[in-house]
Amino acid sequence: MTIKRGDFVHAVREKLENSLEVTASDSRLPPYLFETKGEVMETKGDYAFVKFGRVPTPAIWLRIDQLEPAK
């Protein structure tokens with residue numbers, strides 16, 4: 001799957017819940033990661049910087065394999 005800047009995505013719960021990134025920080029994942037569209041602001045290597053929803057939430061870096069295109 002190719003994810004590029006400007007794409008809209010959702011986080012994939014199964015790939016994110018037990019990831020190294022989540023075990024290294026707060027394991028409580030906010031629902032907006034899975035329920036709202038996130039816009040890819042930048043990509044670098046295997047990671048994408050994603051801003052989710054229209055509410056004031058921080059943009060986050062996620063591995064591209066943890067994302068799927070939004071429908």
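This is a predicted model: local features need pLDDT of at least 70, side-chain atom pairs count only at pLDDT 80 or more; totals for chains, interfaces and linings use all residues.
**Strands, pockets and a buried leucine**

Colleague: Which element gives the largest share?

Modeller: Strand 4 does, with three residues in the lining of the largest pocket.

Colleague: And how does that lining divide by class?

Modeller: Nine of the lining residues are nonpolar, one is polar and three are charged.

Colleague: Let us turn to Leu16. Where is Leu16 placed, and is it buried or exposed?

Modeller: Leu16 belongs to helix 1 (residues 13-17). Its relative accessibility is 2%, so Leu16 counts as buried, the limit being under 20%.

Colleague: What does Leu16 touch?

Modeller: Leaving aside residues up to four places away in sequence, Leu16 touches Ala11, Val22, Leu29, Leu33, Phe34, Leu62 and Gln66. Val22, Leu29 and Leu33 were also named for the largest pocket, as residues nearest its centre.

Colleague: How far is the C-alpha atom of Leu16 from that of Arg63?

Modeller: The two C-alpha atoms are separated by 9.0 Å, while Leu16 and Arg63 are 47 residues apart along the chain.

Colleague: Now the strands. How does strand 2 pair with strand 3?

Modeller: Strand 2 pairs with strand 3 (residues 47-52) in the antiparallel sense, over six bridges. One of the bridge pairs joins Lys44 to Tyr47 in strand 3.

Colleague: What lies between those two strands?

Modeller: Strand 2 and strand 3 form a hairpin with two residues between them. In the turn, Gly45 has a positive phi of about 60°.

Colleague: How many bridges link strand 1 and strand 2?

Modeller: Strand 1 (residues 8-11) and strand 2 (residues 38-44) are joined by two bridges, again in the antiparallel sense. Phe8 has Glu39 of strand 2 as its bridge partner.

Colleague: Which residues line the second largest pocket?

Modeller: Phe8 and Glu39 are both in that lining, together with Lys37, Gly38, Met41, Lys51, Gly53 and Arg54. Strand 2 gives the most to this lining, namely three residues. The second largest pocket holds about 160 Å³ of space.

Colleague: What is its make-up by class?

Modeller: The lining of the second largest pocket has four charged, two nonpolar and two polar residues.

Notes. Residues are numbered from 1 along each chain as its sequence is written. Side-chain values use heavy atoms; hydrogens and water are left out. Two strands pair if DSSP finds at least two bridges between them. Helices (H or I, at least four residues) and strands (E, at least two) are DSSP runs, numbered from the N terminus. On a 1 Å grid over the protein atoms alone, a cavity is a set of points where a 1.4 Å probe fits but cannot get out, and a pocket is an open set with protein on both sides within 12 Å along at least five of seven lines; lining residues have an atom within 4 Å of a point. Ala, Val, Leu, Ile, Met, Phe, Trp, Tyr, Cys and Pro count as nonpolar, Asp, Glu, Lys and Arg as charged, and the others, Gly among them, as polar. Grid points are joined across faces, edges and corners, and a volume is the space filled by probe spheres set on the points. Buried means under 20% relative accessible area, exposed over 50%, partly exposed in between (1.4 Å probe, protein chains only). Contact means heavy atoms within 4.5 Å.
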